[in-house]
Amino acid sequence: MDKHVLENYMHQLVERYPELEACTSDIRKAFQLCADTYHLSGKILLCGNGGSASDCDHIVGELMKGFLSKRPVSLSFRDTLVEQWDHKVGTYLADHLQQALPAISLTNHSALITAFANDVEPEMIFAQQVYGYGQKGDVLMVLTTSGNSTNVLRAVQTARALGMHTIGLTGKHGGHVKALCDVTITVPWERTPDIQERHLPIYHILCTMLEKEFFG
């Protein structure tokens with residue numbers, strides 16, 4: 001992304017949320033890690049607990065479909081759909097599909113999570129999925145207001161062993177996750193609801209910049 005465009009996004013963020021100015025350097029780094037991964041056809045895995053689990057789902061929703069842009073399928077894929085099926089079906093599919101930035105929330109697979117927690121080890125529920133889905137060069141993004149959630153830390157440890165990039169969103173002190181992640185965005189707040197409220201504009205600006213990078 002052009003440096004001036006990137007800085008304009010940072011300016012917009014700080015203008016609305018002045019307290020996040022201290023986070024802009026790490027937001028830039030997180031964006032670059034995600035962009036590099038997508039340029040290499042990788043994906044982002046996400047995990048967190050409670051409200052942070054909902055944030056993971058929210059992020060996936062912004063990445064896997066149009067966020068601020070419509071993201072129509074490529075002309076070549078449109079032609080493939082029409083050739084594969086009849087014109088009516090192919091056109092319908094092409095008109096109702098959108099290009100995606102691959103992302104998976106690890107918080108939703110209730111059968112797997114409960115089975116693994118019951119049969120093996122509760123604190124490994126995210127780590128097992130990282131091991132199953134993750135590939136070298138992918139990104140694991142974790143959201144933890146304390147930075148100390150054990151199941152999140154185990155996921156990061158597993159991701160690092162797989163050669164994945166790791167990004168953490170946490171609170172003022174960073175917790176143990178700060179020492180484990182390649183990039184940690186620590187918002188300058190201590191109360192859980194205050195931290196979560198500041199995580200939202202951060203991941204929104206990351207999703208906005210990624211969409212701009214790949215879809216204009």
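I'll start with strand pairing: E3 and E4, residues 165–170, run parallel and are joined by 5 bridges. Within that pair, Met-141 sits opposite Ile-167 of E4. To get from E3 to E4 the chain passes through helix H8, residues 150–162, and this β-α-β crossover is right-handed. Keep in mind that this is a predicted model.

E3 also pairs with E1. Those two strands are parallel as well, with 5 bridges between them. There, Gly-48 is opposite Leu-143 of E3.

Now, is E3 buried or exposed? Mostly covered: 5 of its 5 residues are buried. Val-139, Met-141 and Leu-143 point one way from the strand, Leu-140 and Val-142 point the other way, and all are buried.

Next, helix H3, residues 51–63. The buried residues in H3 are Ser-52, Ala-53, Asp-55, Cys-56, Ile-59, Val-60, Glu-62 and Leu-63. As for the spacing, an α-helix has 3.6 residues a turn, so residues three or four places apart point the same way.

What covers those buried positions of H3? The cover includes helices H2 (24–39) and H10 (192–215), along with strands E1 (44–48), E2 (103–105) and E3 (139–143).

Last, the annotation. An unreviewed UniProt entry places the feature "domain: SIS" at residues 34–216. In the model, that span is 54% helix and 13% strand, and its end C-alpha atoms lie 16 Å apart.

Note on methods
Residues numbered from 1 in each chain as written. Predicted model: local features only at pLDDT ≥ 70, side-chain atom pairs only at ≥ 80, totals over all residues. Heavy atoms only, no water. UniProt positions renumbered as here; feature names shortened; annotations may be inferred. Helix = DSSP H or I, 4+ residues; strand = E, 2+ residues; numbered from the N terminus. Buried < 20%, exposed > 50% of the residue type's maximum accessible area, 1.4 Å probe, protein only. Contact = heavy atoms within 4.5 Å. Pairing = 2+ DSSP bridges. Right-handed = clockwise from strand over helix to strand, strands pointing away.
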